[in-house]
Amino acid sequence: MDYTQASASQTLTAANPASNKPEKPTLVRGMSFLDAVLLLVGGIIGSGLFLTSSDVAKTTYTPLIFMSAWIVGGIVSLLACLSVAELGSMFPEAGGQYVYLREAYGDFPAFLYGWMIFSVNVTGSNATIAAGFAAYAGAIIAPLNATRPIFSIGAWTFNMGHATAISAIVFLTWINVVGLRPAVILQNIATWAKFIAIAGFLVLGFLIGHGSWHNATQPIPGHVGFLSLASGFGVALIAVFWVYDGWVYATWVAGEIKDPQRNVPRSLIYGIAIVAAVILAVNVLYLYAMPMQQMAMQDTVGQAAAQILFFPAIGRWFSALVAIACFGAAACSILSGARVYYAMAADGLFFQKLAEVHPRWRTPAFSLIVQCIWSCALVLTGRYDQLFTFVMFISVIAYAAAASSIFVLRRKRPDMPRPYKCPGYPWVPLAYCVICGAWALNALWSKPFESLAGVGIMLIGAPAYIYWHRAKRKPAVL
């Protein structure tokens, strides 16, 4: 289906000139190139940057391998963005990877991807980030202490952490419902505040921090063999890929980006380059602050590094930085994710109400609201972290499948306009797919339960697909 032709989502929103029905409202292209870059950067740089380095340190053993994992994560993400950028220029509509999979492989694989995004990936991410915001906000403002109980039902307790996390999700959803522009402005403010705070942390940390470059010269422990190093490196990439996850956001909102054929590819490439630079710089500062063994024992690496570099009482101020980072990341995730379910519904493969655009605010209001409800439910379960770990395995495979769409579509639609072409084709997308495949095999071998659980979560969507696919094929009743 060419972009010049009517796609399923466009068909839903296009008026029939032969009828007397009023034209249905459509999404508005109100995001600039800078907005899209800030969406991608703000969505990626959340709590993960300040928490997961300890997980990477536990399995990489030495500073050289530790930093190599972060560099490889950045390179792999750049390869993905270069590959997907061509697809984004071909299909500048809401849904991103869902659309690419649909066009290359059909409805079923696309639906399973969208199901995963809705059931766990984005909604679980919303819950995780909001819970992180609540925890760090509670460390700054005593009455918001996340462990403070509010009421109990049997063995389950609703605490202030639940209330704060749910309030943040509801507030951000409301902002997104009442207009794209208010949501983008809020997202941009949060991202710029995050940039300024991280820049201050880096500059002051390197200039006046009480660190040591000797921490970066530790050798590999003698008892660790090559196979352990290789396997540990692969396991470390699970955490690394989770930190880099979010580069897809710019493709999900492509239907609302101005001049998308040009700005979607540019936002992907510029955005991931900025993210990689920030992630590498922060992790170098962590190494400057503490040895690898000490880093591996920290639950909150960023806060521990700040206290070592400056003074113990700075932990309170660092909590404010992480709270801002979490709030901004949640704003980006909530804005972007709803566009995937909107595209699915527009194709008749999800609740039809989610395909409606609000006539006044021109946003996918029902998609946002349903996302909000499920995200809040995951907050209450307290199992979102485990679910998100399960789905990381299948997420990487899905991203590789979406990137491989470039091979299928170049063969199936060689004459379709491509305002941007992937540089280094076919080696760039091939390299990305091979790396993802090798990582997936290592993850399956190292963490079989988590990997297979991710597959199971995705396959739960198969019965739902059968239901909506049959409902879609039923003739309309006149």
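A cavity is a set of grid points where a 1.4 Å probe fits but cannot get out. The legends below concern a predicted model.

**Figure 1. Close-up of the centre of the largest cavity.** The lining comprises 20 residues, of which Gly43, Ser125, Ile129, Trp242 and Asp245 are the closest to the centre of this cavity. By class, the lining of the largest cavity holds 12 nonpolar, 7 polar and 1 charged residues.

**Figure 2. Helices around the largest cavity.** At least two lining residues come from each of helix 2 (33–44), helix 3 (48–51), helix 7 (107–140), helix 10 (226–244), helix 11 (249–252) and helix 17 (384–412). Helix 7 gives the most to this lining, with 4 residues.

**Figure 3. Close-up of the second largest cavity.** The lining is formed by Val76, Ser77, Ala80, Phe241, Tyr244, Asp245, Trp247, Met392, Val396, Tyr399, Tyr432 and Cys436. These residues divide into 10 nonpolar, 1 polar and 1 charged.

**Figure 4. Helices around the second largest cavity.** Helix 5 (63–90), helix 10, helix 17 and helix 18 (427–446) each supply at least two residues of the lining. Helix 10 and helix 17 likewise each supply at least two residues to the lining of the largest cavity.

How values were computed:
Residues numbered from 1 in each chain as written. Predicted model: local features only at pLDDT ≥ 70, side-chain atom pairs only at ≥ 80, totals over all residues. Heavy atoms only, no water. 1 Å grid on protein atoms, 1.4 Å probe; cavity = no way out; pocket = protein on both sides within 12 Å on 5 of 7 lines; lining within 4 Å. Nonpolar A, V, L, I, M, F, W, Y, C, P; charged D, E, K, R; others polar.
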